[in-house]
Amino acid sequence: MVTATAEKACRMDIRLTQPQRKNYEKAAELRGQTLSQWTTMHLDECARRDIDEAHITRLSDEAFERFSALLDEPMHEAARELLTRESIWG
């Protein structure tokens with residue numbers, strides 16, 4: 001997260017309805033933050049969550065146990081052959 005002392009050289013303008021702005025201002029006030037502080041904090045949290053959701057695979061306990069078991073099994077011949085091929089992507 002960006003610290004309060006970090007230089008902030010960028011702006012972001014967004015369009016809001018009046019009720020949205022009032023809600024955001026009230027929420028910021030309840031936390032003792034400026035609207036910019038409150039908004040940035042929530043955008044940071046949402047960005048991290050969305051990035052994590054795109055990059056992290058979550059498995060149920062059962063699926064994880066099966067996955068772990070598969071890793072311990074010997075590799076099939078077709079998989080070994082595939083790994084020896086020259087890459088076509090460069």
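Reader: Hi! I'm new to this one. Is Trp38 buried or exposed?

Author: Welcome! Trp38 is buried, with a relative accessible area of 13%. The cut-off for buried is under 20%, so Trp38 falls on that side. Do keep in mind that this is a predicted model.

Reader: Thanks! How many aromatic pairs does the structure hold?

Author: There is one aromatic pair in the structure. Its members are Tyr24 and Trp38, which are stacked, with 5.6 Å centre to centre and 25° between the planes.

Reader: And which parts does that pair tie together?

Author: Tyr24 lies in helix H1 and Trp38 in helix H2, so the pair ties together parts that are 14 residues apart in sequence.

Reader: Is Tyr24 buried, partly exposed or exposed?

Author: Tyr24 is partly exposed, as its relative accessible area is 28%.

Reader: Tell me about H1, then. How many residues does it have, and how far does it reach?

Author: Helix H1 runs over residues 18-31, which makes 14 residues. From its first C-alpha to its last it reaches 20 Å, close to the 20 Å expected at 1.5 Å a residue.

Reader: What is the count of buried residues in H1?

Author: The count is one among the 14 residues, and H1 is hardly covered.

Reader: What happens just after H1?

Author: Just after H1 comes Gly32, which takes a positive phi of about 70°.

Reader: Let's switch to the surface. Which residues form the nonpolar patch there?

Author: Met12, Ile14, Leu16 and Leu43 form that patch, and together they have about 390 Å² of accessible area. You'll find Leu43 in helix H2, which covers residues 35-55. Leu43 is partly exposed, with a relative accessible area of 42%.

Reader: Now charges! How many salt bridges does the structure hold?

Author: The structure holds seven salt bridges. As background, side chains of opposite charge can pair when their charged atoms come close. One of the salt bridges here joins the side chains of Asp13 and Arg11, at 3.5 Å from N to O.

Reader: Are Asp13 and Arg11 buried or exposed?

Author: Asp13 is exposed, and Arg11 is exposed too.

Reader: Which residues are linked in a network of salt bridges?

Author: That network links Arg49, Asp50 and Glu53. Within it, the side chains of Asp50 and Arg49 meet at 3.2 Å, N to O. Asp50 counts as partly exposed at 42% relative accessibility, and Arg49 counts as partly exposed at 42% as well.

Reader: What about Arg66, which side chain does it meet in a salt bridge?

Author: Arg66 meets Glu73, with 3.7 Å from N to O. Arg66 is partly exposed at 47% relative accessibility, and Glu73 is partly exposed at 38%.

Reader: Last topic: how many disulfides are there?

Author: There are zero disulfides in the structure. Cys10 is in none, and the nearest cysteine sulfur, that of Cys46, is 20 Å away.

Technical notes: Residues numbered from 1 in each chain as written. Predicted model: local features only at pLDDT ≥ 70, side-chain atom pairs only at ≥ 80, totals over all residues. Heavy atoms only, no water. Salt bridge = Lys/Arg side-chain N within 4 Å of Asp/Glu carboxyl O. Buried < 20%, exposed > 50% of the residue type's maximum accessible area, 1.4 Å probe, protein only. Helix = DSSP H or I, 4+ residues; strand = E, 2+ residues; numbered from the N terminus. Expected span 1.5 Å × (residues − 1). Patch = residues over 30% accessible without salt bridge, like charges linked within 9 Å, V, L, I, M, F, W, Y side chains within 5 Å. Areas by Shrake-Rupley, 256 points an atom, 1.4 Å probe, with all protein chains shown as cover. Phe/Tyr/Trp six-rings, centres within 6.5 Å; stacked < 30°, edge-to-face > 60°. Disulfide = S-S within 2.5 Å.
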